[in-house]
Structure formats: C-alpha cells, structure tokens
Amino acid sequence: MTEDERYMKLALQLAELGRGQTSPNPLVGAVIVKDGVIIGQGAHLKAGGPHAEVHALRMAGEAARDSTIYVTLEPCSHHGRTPPCADAIVEAGIQRVVYAAQDPNPAVSGQGAARLREAGVEVVQGVLASEAHKQNEAFWVWVTEERPFVVWKCAATLDGYIAADSGHSTYVTSDEARASVQRLRRDVAAIAVGVKTVIEDNPRLTVRGPSLAAEAMLTGVVNKASFADLETTQGYRQPVRVVFDSKLRTPITSALLGEAGKTLIYTTHYGYDSAGTEYVSGLTRAGAVVIPVMADEADHVYLPEALRDMAKQGISSLLVEGGSTLVASFLEERLVDKVLYYLAPKFLRSGIRATKGRRTERMLDALNLDKVSYEQVGPDILVTGYPRFEEKPRWWLGGV
C-alpha cells in the first residue's frame, strides 16, 4: 500500500462517521498531512454542516500551509449551503490535493480540480476510487439517475418464507440479525412498505440509538477535538417513512403516523379522489403527506414517478422492507439496486413467500446477483448482492 493509499484509507474511515446523517449529501472524509504527520482530519457529519475539508482545515490551522490534503471526493467549487471547499483549500496554502472519486454531478464534475490547478495546487485523483464509489453508491444513483438508491431487505426461512400462512412473522431471524437491520435502517434516507404491511403489522419504521459519529466519539474511536461542531453528532435523524397505497386505505391511527419525522403516502389519482377530502385531511392532521401519482397499467402506484418525486425531496436511498407484492413490483420495474437477504436456519414448510410470482419453466428466468458476499449474523446468514437485470423478468406484477 502506497503512502497516498494509506492516508486515503483513513479518510474513507472518517467519512463513515457521517453515515445516516448526511443525506442527500455524500459521505466525505479528509486528512491533512505535513512532513509525515497528520495535522488535521474531519468528516462531513450532517447535511448543511461544514464539509470534511473545513473540519480538517480548522484542526490544522496555520500549519496547513504547504501540506497535503486527502479527500474521498473531489472538493466542491460551487456555492451551496456552504462555501466552496476548493477556495478554502487554496486560501489555506495547501500544496497538494489527493482525492479518490470525481464528483458525479455533470454540472460540477471536474470543476473543483480545475479550480485547484488554476491556483497552482498539485492535484492527484483516483486513489482508492472504487472504494470511494462503493461508499457513496446511493449518492451516485441519486445524482445520475434522479431517483433513490433502492435496497431490498428480506428475512426468510431456508425454504423462502417470510411469514406463516396466518401472516405471523415474529420473528423469522435472530436478535443479532434484527440488530443488524436497525443499523441498516439508520444508514438510509427512507424506509418503504406497502399498505398491506401497515394494516396487518402496524410498524413504526423508526430507528433507535445515536449516530455513528456520536458512538465513535463516546467510545474514544475519534478525538472530540477533531471536530468543531460536535452538536451535529447528537441524537439521530429518523428516516422518512414511505407507504405505497394505491387505493388510499392507510388507517389514520397507524403507529408510523404518530412518530417524529416525515411520513409520505404515495397513492394514485383515483385513490386520492375516491378517498374523500375528510379522510385525506385526517391523514394530514395525523402527520402524513399524501402524494397522488400516475397509476400503472394495473391501476397501482407507478413506482418510477414516485421515486422521482422522492429524489426531488432529497431522498437519496430507500430501504424496501415489504411486503411480497411491493417487492415484486420493484423487481418488475428493475428498480432494486441492492439486495440484503437474511436466511434463517429453519423450515416453515408453508406460508407467505418473499415475492409474488407466477409459474416459471426455466432457470433462465431467474434474476441473478452480482458481487455477492456472505456474512454470518448470529445463527443467520446474510447474502448481499446487486441484481443483474439482463433480460426483463417474467414475474407477475401485483398491486401495491
């Protein structure tokens, strides 16, 4: 491992402190090195807060002059909620900038590097680029495809059931697996279920616990002096709750409507009009934002339009938790980017399947996963992969 890779690896580790807090902004870490000594470090901890480079520059102070800064993403050159980091780097007298990945936004991509070079700063790009891209896979999809990065999480028995015939599903997997899902929930911007899940299970779709940055500082992993605005690490941002409800029948007394944060209910124009103003007003008073969108050919919520609306609201990642009909719809539309499949070492022998489907004739009808990895979580096995939509699946599309 080269020296540049070693310091970039540290910057990538620092970037992880903002996971679950920065959406729709990317995770970014920065390390400033001078004469072989780290003199500054930082991470972007919260959307709207100082960028990683600013935290690192504050820590380094005047010593930053003639040093090297390692950043996981190309320093910005445009005014957003905060001033351009490229200008701050130039003003601090940084001699060399090493960054991992170029900004995917075509409107600004390459401009940060150009600004630095114009000022006489040496720029090196592409160091651990693939690692940086994977770290911000949701941000890349949100920027380039104008929709959230969609993750399907499933917990099933070895024979493929997520619940008993009665609908009972407490619990498919172990305590360790459920704790793992809580960490997953706090990583995403939003969590989605179908209206049937809301009616039958009455979920809250919330997360408990402090942010990763707060945990790291409480346990001493990161020195508190590394960051100038520790208040941004306190507490935890709750993900947006999303319900797909084509006929608009979400109960006003649903538990998820009583939680802090935002709840979005996507319905069809027909469902919205048929529900009546009094019912819609009741949902609104309960804390929901009801959004009518186009219907698909089966008069169900047209998922691509709903996802585009989420993206406009700054939702960069979406965790789809159920149920089987909703998952089938996402798969049919080729809108699943990543799969996290928890397999419990048990056989239910009958029950509710993970996805809806029709009879298939050939294994060629299967949807394959790429970049597959396996992890044991308690007694369960977590299979992670990325769907490869090479040819349109032949599953039956049910309603949501």
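In the predicted model, R185 has a relative accessibility of 12% and therefore counts as buried, the limit for that class being under 20%. R185 belongs to helix α7, which spans residues 175-185. Apart from residues up to four places away in sequence, R185 touches I191, L205, T206, V207, P239, L319 and E321.

With its neighbours within four places in sequence set aside, E321 is in contact with K153, V181, R185, I191, A192, V193 and L205. In the UniProt record, an unreviewed entry, the feature "binding site" is placed at R185, L205, R208 and E321. From this set, R185, L205 and E321 are part of the lining of the largest pocket.

Strand β12 is also a member of an open sheet of nine strands, arranged in the order β11-β10-β9-β8-β12-β6-β13-β16-β15 and with mixed pairing. The edges of the sheet are formed by β11 (288-293) and β15 (368-377); each has a single partner strand, so one side of each lacks a neighbour in the sheet. On average, and with direction ignored, neighbouring strands of the sheet are turned by 20° against each other. Strands of a sheet pair through backbone hydrogen bonds, in either a parallel or an antiparallel sense. The antiparallel sense applies to strand β13 (residues 338-344) and strand β16 (residues 380-388), which pair over five bridges. Within this pair, Y342 stands opposite L382 in β16.

Two helices are placed against the sheet as follows. Helix α13 (residues 324-332) packs on the sheet and touches β6, β8 (190-194), β9 and β12. The direction of α13 makes about 135° with that of β12. Helix α12 (residues 303-312) lies across β6 (149-157), β9 (240-244), β10 (263-268), β11 and β12 (317-322). The angle at which α12 runs to β9 is about 160°.

A further helix, α4, comprises residues 111-118, and G112, A113 and L116 in this helix are buried. These residues lie on the same side of α4, because they cover an arc of only 100° around the axis. The cover over the buried residues of α4 includes α3 (85-92), β4 (96-101) and β5 (122-125). Just after α4, G120 adopts a positive phi of about 85°.

Technical notes:
Residues numbered from 1 in each chain as written. Predicted model: local features only at pLDDT ≥ 70, side-chain atom pairs only at ≥ 80, totals over all residues. Heavy atoms only, no water. Pairing = 2+ DSSP bridges. Helix = DSSP H or I, 4+ residues; strand = E, 2+ residues; numbered from the N terminus. Axes fitted to C-alpha atoms, helices over the stretch in contact; angles between N-to-C directions. Contact = heavy atoms within 4.5 Å. Buried < 20%, exposed > 50% of the residue type's maximum accessible area, 1.4 Å probe, protein only. Arc of directions from axis to C-beta. UniProt positions renumbered as here; feature names shortened; annotations may be inferred. 1 Å grid on protein atoms, 1.4 Å probe; cavity = no way out; pocket = protein on both sides within 12 Å on 5 of 7 lines; lining within 4 Å.
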